[in-house]
Amino acid sequence: MKDILSARNLKKQFVNGEVVVEALHSVDFSVKEGEFVVILGPSGSGKSTALNIIGGIEDITSGELFYDNIAIHELGKSGLTAYRRKHVGFIFQFYNLMPNLSALENVQLALELSPESPMSAEELIRAVGLEDRAGNFPAQMSGGQQQRVAIARALCKNPDLLLCDEPTGALDTKTGADVIDLLQNFNRQYGKTVIAVTHNEKIARVADKVICFRDGNIEDIRINEHPLSASEVDW
Amino acid sequence: MKMFFKNVLRTILKNKFSYIGVILILSMGIMVYVTMAEYLDGMQAAADLYYERTNFADVFAVVEQMPETDVADLQAIEGVKEAAGRLEGDVRWLTEDSSDSIVSIHLMGWEENAAVNRIYLWPEDSSPSGNEIYLSRAMAEAHGLEYGDTITVIAGGRLQDLVYSGDAATPECMSIVPDSSVEAPDYTTYDMAAMEKGALEKLLGREHVVNHIGLTLQPGVTFSDIKYNIEAKLREYGLYDLSARKNNAGFYAVQSEIDSMRNIQKIIPTIFMAVSIFLLYVMLKKMIDKDRTLIGMMKAFGATNREIISVYIMQGFIIGLLGGILPIPAAEAAGNYLLVDDALYYNLPLLEDFTFSVSRIASGIGISVFSGVLSILIAMLDVLRINPADSMKSAVPGGFNIAIPPRLATILNTRQKISLRSIFRAPLRNLIIAIAIAFPFSMIVVCSCFSEGIVDTLEGQYTLVETGDLKVTLAEFADKSRAEGAIRSLSGVTGGEAMAEYDIRITAGGRSGYSSLKVVEPNSECRKIMDNRGKFYEPPEDGILMNAHAARKLGIQAGDVIEINSFRLTGEKGKAGVPVLGLVEESSGGCCYISPDGLRRYFAVPEASNVLSLIVEDGAKAEVRQQLAGMKNVLFVSDNEQMAALMVEALSTLVVLMQGLAFFSVVAGAVMIYHIVNISIIERQNEFGTLMVLGMSSREIDEVVTFEQTINLVVGILLALPMIKFLSGAVVSAVETSGISFNINITPQYYLLAFAVILPVFAITIRSILRLIRRIVLTEVLKGRE
């Protein structure tokens, strides 16, 4: 499999007045097409910053980042928007669903933005097991159900790259396992690349590759020769 | 709760512009309220004090003449407390420019210790004697006179020099016109003056008689209780007019203005305050909703509702206090300006300083604080009802689950569909924005329509009704054919008519009142009869047409037969039954109309005239005035063009007030639109952030917001339509108390004007909101819970 994502000397600084915080110190990593990658690290290690940069919602201070042949570091605002629209799906820790739209409508909204999706909103809702809650608003659903809607919304775009920021962070163990199961299915069934940021080491067991961050540096990159399926992990 | 309060304070500082907006809106409501209260309370207090110090009469009578010794007999009438008579009469003043201008003075006999209707004099403790004359301050100033200057008057065909020695005022003359043919006071050409009683009697050649009588009544006695007894007593002296205080010209002019303003005060500031409170509630509710989680957390920690409420009440109290205190200096200044301006117009002396009232200021601040606290309490109701666990979650939307119709769905693009869905799901949020648009829109339409409508109506009186150029009021009735001959003899006059106006007493169905009967030629060139919708009427010969306002006061309807009694038409005790053929809803006035043939039919009097209406060649007015100045029987000449301007000036306070309200509405509207849209967008930052992450470009987000807000604009304008109807009806009925009736004709240009004002405000708001959205930091907004 070819590298679909590669970062070289990637650096990110946050400047707040005279205070400069370096969130990433010249990191290098790559991700192969169809890989399930887990970025692991404690709070403040730079993992979410890295994910946001990969997703094109955070700019790069210096270094290079390529997605396929696209030089992300050279893209302007509209280029990043097009990149997100065409290639990237996002799942957040706190779901970020539209509060005034039902579960089904949240998915339909994303479909309206990416009409070339191979699946209908109803199919996606069914795929995440929420056919009974399709008409419910986010405030009427549990965290796990909301996260499933967020997954359906992300998947409906049929993204090449699915980015997940602490997807199970706000969920209980069982629900979190179900969510990981869904992500893994998406990765295996459709051959799509998934990158998940987490501080839960157990999730790392389902990954093909684990990138460990600490204090803005990559501490370790390890390849899982035999990744487990979500149901095999002792959560 | 100290730290919780600190957190709320910091939130206020963080959202300082929103809070400044809330305070500003509240301030505007209070400013309008206090300004009008200051002005109206001041006017009323000044007028009341004036009435008290002059012992203003409860009943006024005008007779041909009455021996002064008979006046005391009036006190014998049951219910009469005091009676006083006074000789009054008009004289011509030969001013320096009298070759082309006619100035007349209404002289009143001054008597020390007059029981009723005392004349107020300046300098205080001075009194006129011999050939001294005390003029109204407005007239003296208009002619640049100083104490000691000599003026020359013509009385009884003789020239007499008088020395201007002081100023005089009386409540009866707060709005003085020579007779009912002149509709607006012009203090440069006609006003009151006072002379010592004996000196005036000599000047007018009428000794020991009075012609104006004032009566005060015993407590609990009303005019209607004693009206018929007084009429019976005075009829033998040639009674022209008998009226209660409320119908006295001076009192009526001031009181009707105060009353119509009071009506407007009830409507406009109430609307302002209602809108202020509503918006305050909306803004605070939005702000408290943002604290939903915080409140839930405080509850989870064991804080009681009372403890939480107390923190927010303090917030409402501070907002209310600031909103109440900040506008007070400007409101007091504006109210005082209106008061002084109006008092000057009405010759109403401000005998005491009425500019500061603790209770008025306290009530303004009190209303503001009450509004702030009440808004907070209502805004908190929902939040306080929920349990801590629920408060940690977002609220379930309460909108309508309306699907976009398929046909519409094919027309709309994705962004427009998102906008539409957002509107359906949060109808209240969008309704509030629409109301924020509708309020200033309707106020601009009504206030601008009102100002132009009333000016058009009053000007129309002199372009469509009084179509002559100059109107001449004669001192005495003259033979009609001689009057017509005089018109023909005037050089520079191309046409004109000799008309007559008679003071009449009308009795119908047990009620009686005083009016005037205008004798108008059919197809008259100079005087039309027109209602406030622009329909013209011809003077009838088999009855009369009557002003609808005057008819309503006497309970008269079209088809009724009324009794007319007039010293000149029927003699002292005679009366004639005349049918009322129709009622005319005129924009002003209160008289009746008949044709010369009709007059002959019902009243056996020779044809006479006391008013001439002249059509003058272009540029020949001065020449005509010069000729009229040489005619002894000419009392007053009014230029219809000037009269229109004076009529407009008479209502200038109201017009300025309405324009001021329109301005305030725009400012309040701009603040409202900006803040409500702003708050609604801020609370949706997460939503927009998500759309951006899903791949929507800034331009597409702009389209979503612009489409949504454009729909709000359209709904706002549609909502404004019923508001305009309500407001215009309320304002028209409020103004009717001042004797002016008009229709607000809302033409498309007013909607365009309102649209032209609102659109830039709206566009600037949307533009700044879009900039705000572009500044959204995705990583920040998507980190938090929605």
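Start by selecting B:Asp639, which sits in strand β22 (residues 634-639) of chain B. Helices (H or I, at least four residues) and strands (E, at least two) are DSSP runs, numbered from the N terminus. You are looking at a predicted model, in which local features need pLDDT of at least 70, side-chain atom pairs count only at pLDDT 80 or more, and totals for chains, interfaces and linings use all residues. Residues are numbered from 1 along each chain as its sequence is written, chains are lettered from A and ligands numbered from 1 in the order in which they are written, and side-chain values use heavy atoms, without hydrogens and water.

**Stop 1: around B:Asp639**

Is B:Asp639 buried or exposed? B:Asp639 counts as buried because its relative accessibility is 8%. Buried means under 20% relative accessible area, exposed over 50%, partly exposed in between (1.4 Å probe, protein chains only).

The side chains of B:Asp639 and B:Lys621 make a polar contact at 3.1 Å. A polar contact is a pair of N or O atoms within 3.5 Å; within protein, one must be able to donate a hydrogen and the other to accept it, and residues adjacent in sequence count only if both atoms are side-chain atoms.

Show B:Glu641 next. Its backbone nitrogen lies 2.9 Å from a polar atom of the B:Asp639 side chain. Beyond four places in sequence, B:Asp639 also touches B:Asp469, B:Leu470 and B:Arg625, among others. Contact means heavy atoms within 4.5 Å.

**Stop 2: helix α5(A)**

Select residues 143-156 of chain A, helix α5. Its 14 residues reach 20 Å from first C-alpha to last, close to the 20 Å expected at 1.5 Å a residue. That expected span is 1.5 Å times one less than the number of residues.

How many of the 14 residues in α5(A) are buried? Twelve are, leaving the helix mostly covered. Among them are A:Gly144, A:Val149, A:Arg153 and A:Cys156. The cover includes β7 (161-165) and α6 (173-190) of chain A, together with α21 (685-693) of chain B. Just after the helix, click A:Asn158: its phi is positive, about 50°.

**Stop 3: confidence in chain B**

The chain averages 84, and 93% of the residues score at least 70. Confidence is lowest in helix α11 (residues 388-391), at a mean of 59, and highest in strand β6 (residues 132-135), at 96.

Definitions and conventions. pLDDT = per-residue confidence, 0-100.
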